[in-house]
Amino acid sequence: MELTDNRFVTEWINEVIAMTQPDETVWIDGSEEQLAKLRLEAVKTGEIIKLNEKELPGCFLHRSDPRDVARVEERTFICTKDPSGAGPTNNRMAPEEMYGKLRDICTGAMRGRTMYVIPYSLGVIGSEFAKYGIELTDSVYVVLSMAIMTHMGKEVYKALGSGSDFIKGLHTKAKLDPEQRYIAHFPEDKTIISVNSAYGGNVLLGKKCFALRMASVSGRDENRLAEHMLILEVEDPKGRVRYLSAAFPSACGKTNLAMLVPPEIYRDKGWKIRCVGDDIAWLKPGEDGRLWAVNPENGFFGVLPGTNERSNPNALAAIKKNTLYTNVVLTKENTVWWERLDGNPPRGAVNWKGEPWDPDDGSSGAHPNSRFTTPAVNCPCLSREYFNPVGVPISAIVFGGRRTKTAPLVYQSRDWTHGVFAGSIMASETTAAAAGAVGVVRRDPMAMLPFCGYDMGDYWRHWLNMGAGLEKAPKIFSVNWFRKNDDGSFIWPGFGENIRVLEWILARCFDEVEADISPLGFIPKVSDINTDGLDISPEALERLLSADKSLWESECGEIREFYSKFGGKLPEELLRQLEILENNVGTME
Ligand code: GTP
Ligand code: SPV
Ligand code: MN
């Protein structure tokens with residue numbers, strides 16, 4: 001049954017039906033009855049596997065094609081008429097050319113299949129931040145995932161009314177052919193088309209495609225930002241509640257920081273951390289001159305390997321029910337396992353591909369980018385503000401990445417412009433979240449390299465403008481939890497202990513602590529990072545906070561080279577900041 005007579009919706013759906021030729025069209029209404037029916041059907045076809053109802057109630061396992069396990073940045077395109085619309089860091093194809101390719105792939109692609117019509121909202125339906133989308137897909141996995149990750153259901157049609165202000169999303173698994181895989185964005189047509197994949201960020205079109213790539217483009221015109229950021233609520237022992245947002249590249253610690261459990265000595269003092277978001281933040285200036293943030297999502301699509309009782313007990317508790325697992329080990333008891341969950345890899349289990357698995361043979365059981373999809377309400381530390389449509393006021397913005405040697409544990413930028421510079425020069429080792437080599441350092445400005453939907457130079461200009469319009473702009477910090485000793489071990493304990501750095505960051509935001517001036521910016525006095533209960537010497541902490549002259553000399557060279565790609569789009573202010581950094585590095589010992 002059709003759920004809307006909005007002709008912008010129905011005409012487009014009819015066009016897609018004519019092209020893809022599904023056997024049947026099912027309108028998703030968001031009801032539990034309909035979802036339960038779809039789960040049953042998907043279990044019958046083998047698309048998902050029902051897990052042990054006693055241990056993991058309402059949970060299912062999904063296995064993706066072994067050649068389809070992560071985002072594909074090489075095959076992700078921004079398709080603008082303007083040849084310079086995508087900038088030097090995105091792949092671009094002219095719209096006609098991409099539409100032509102996609103038409104060939106999509107024609108008849110849904111024959112023998114059902115097409116589902118998914119209405120969803122990013123942000124609470126009807127709220128000021130909210131934006132709407134409709135995804136057409138031939139994948140039940142996508143329907144079940146979108147039901148968890150977005151505010152999904154027929155109420156969206158009511159909010160949309162007879163208007164055309166929604167993002168059209170078309171997804172078909174087609175033949176899952178990696179050579180013909182395209183994740184294509186048409187910002188001028190408010191359209192996303194994704195073909196030949198059935199995995200996560202490639203196909204849940206509300207996530208990276210809409211909430212970041214498309215929303216970053218509209219954000220430029222609407223005085224907003226759409227960022228790859230977590231949002232964290234910190235309550236200190238005095239009962240003061242403050243919010244931070246943090247941008248780390250994929251698989252670099254957002255979910256973990258967003259669900260941080262303070263160590264005992266912090267808990268005893270009364271510190272509390274609550275989660276407002278773990279992956280995406282939409283930000284805009286409030287009337288009070290502060291920057292306000294909401295999380296447009298309704299669930300978590302989080303990395304499983306490394307998730308355990310010590311690293312992220314909140315995530316572990318969240319995924320005990322109503323969770324969709326992708327690409328993990330299935331045990332004899334119909335439960336799941338992944339690397340570093342515990343020290344007891346199961347015997348007689350099957351690996352993420354469904355093959356018999358011997359934990360002693362050196363192969364990994366779960367895929368390194370295996371993930372959970374779980375509703376936000378499952379998270380034990382969810383902030384009460386999670387669903388607040390107005391959002392939360394941000395005191396600090398934190399940038400971070402995986403750097404083995406170069407970046408210090410933490411430093412504060414001198415002002416907003418210097419902070420935008422710090423974001424623009426971010427670099428991080430690549431991870432399994434995207435197809436391609438892992439562990440290679442690349443520049444990933446604001447953790448948005450794969451997600452900024454327009455020219456990154458214009459995006460930096462937009463960041464600078466946003467700050468200029470804020471009377472009480474957040475302070476900007478850079479962190480690195482991933483510095484290593486020469487023996488390859490992490491120096492900083494990370495995870496829950498990261499609160500020690502957050503404490504300093506907040507103290508700086510509210511003028512409660514002095515700092516030292518370093519070539520990079522403000523750094524903590526060693527005695528101002530609380531190390532009580534930690535096995536870390538003042539010398540080691542000093543090393544963590546230090547910056548090496550020769551490493552930063554080559555860093556400056558690489559930044560200059562990276563910046564040169566942007567030509568006239570590079571804001572002058574950032575070039576000035578680079579000159580200051582080069583000068584400062586020259587004075588290092
Ligand atoms: P996306 O969902 O891909 O955007 O990633 P994310 O930024 O949310 O990453 P996540 O929190 O899932 O962390 C990914 C990996 O980083 C996991 O294997 C974690 O165990 C590891 N990790 C997270 N925080 C820390 C930390 O403080 N120290 C160390 N050493 N590892 C960490
Ligand atoms: C990321 O890669 O940053 C993710 C996972 O959060 S995905 O949704 O696949 O993009
Ligand atoms: Mn992400």
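Donors are N, O and S atoms within 2.8 Å of the metal (3.2 Å for Na, K and Ca); water is not among the atoms, so sites may look incomplete. The model on screen is predicted: local features need pLDDT of at least 70, side-chain atom pairs count only at pLDDT 80 or more, and totals for chains, interfaces and linings use all residues. Residues are numbered from 1 along each chain as its sequence is written, chains are lettered from A and ligands numbered from 1 in the order in which they are written, and side-chain values use heavy atoms, leaving out hydrogens and water.

**Stop 1: the manganese ion**

Select ligand 3, a manganese ion, together with Lys208, His228 and Asp279. These residues are its protein donors, through NZ of Lys208, NE2 of His228 and OD of Asp279, and they lie 2.2 to 2.4 Å from the ion. Along the chain the donors follow the spacing K-x19-H-x50-D.

Now colour by secondary structure; helices (H or I, at least four residues) and strands (E, at least two) are DSSP runs, numbered from the N terminus. Lys208 lies in helix 7 (residues 206–222), and His228 in the loop between strand 12 (225–227) and strand 13 (229–235), so this pair ties together parts that are 20 residues apart in sequence.

Why is the arrangement around the manganese ion (ligand 3) irregular? The 6 donor atoms subtend angles of 67 to 175°, which makes it so. For reference, four donors count as tetrahedral if all angles lie between 85 and 135 degrees; four count as square planar and six as octahedral if opposite donors are over 155 degrees apart and all others between 65 and 115; anything else is irregular.

Residues are called buried under 20% relative accessible area, exposed over 50%, and partly exposed in between (1.4 Å probe, protein chains only). Lys208 is buried at 6%, and His228 is buried at 1%.

**Stop 2: salt bridges**

Side chains of opposite charge can pair when their charged atoms come close. A salt bridge is a side-chain nitrogen of Lys or Arg within 4 Å of a carboxyl oxygen of Asp or Glu. The structure holds 35 of these salt bridges.

Next, select Arg274 and Glu233, whose side chains meet in a salt bridge at 2.5 Å, N to O. Arg274 is in strand 15 (residues 272–277) and Glu233 in strand 13, so to speak distant parts of the chain, 41 residues apart. Glu233 is buried, with a relative accessible area of 5%.

Move to Asp360 and Arg347, a salt bridge with its closest N and O atoms 2.9 Å apart. Asp360 sits in the loop between strand 23 (356–357) and strand 24 (371–375), and Arg347 in the loop between strand 21 (336–337) and strand 22 (349–350); the two are 13 residues apart. Asp360 is exposed, at 57% relative accessibility.

The next pair is Arg560 and Glu582, joined by a salt bridge of 2.7 Å, N to O. Arg560 belongs to helix 15 (residues 549–564) and Glu582 to helix 16 (residues 572–586), so the pair ties together parts that are 22 residues apart in sequence. Arg560 is partly exposed at 37%, as is Glu582 at 27%.

**Stop 3: helix 15**

From first C-alpha to last, helix 15 reaches 23 Å, close to the 22 Å expected at 1.5 Å a residue; the expected span is 1.5 Å times one less than the number of residues.

Which residues of helix 15 are buried? They are Trp552, Glu555, Cys556, Ile559, Phe562 and Tyr563. These residues cover an arc of only 130° around the axis, which puts them on the same side of helix 15; the arc is that of the directions from the helix axis to the C-beta atoms.

Show what surrounds that side: the buried residues pack against helix 11 (416–424), strand 27 (427–429), strand 28 (441–443), helix 12 (456–468) and helix 16, where contact means heavy atoms within 4.5 Å. Turn to the face away from the buried side to find the exposed residues Glu561 and Ser564.

**Stop 4: loop residues**

Select Asn223, in the loop between helix 7 and strand 12. Asn223 has a positive phi of about 60° although it is not a glycine, and it is partly exposed at 42%.

Finish at Pro380, in the loop between strand 24 and strand 25 (392–400). Pro380 is exposed, at 51% relative accessibility. Not counting residues up to four places away in sequence, Pro380 touches Asn314, Ala317 and Ala318.
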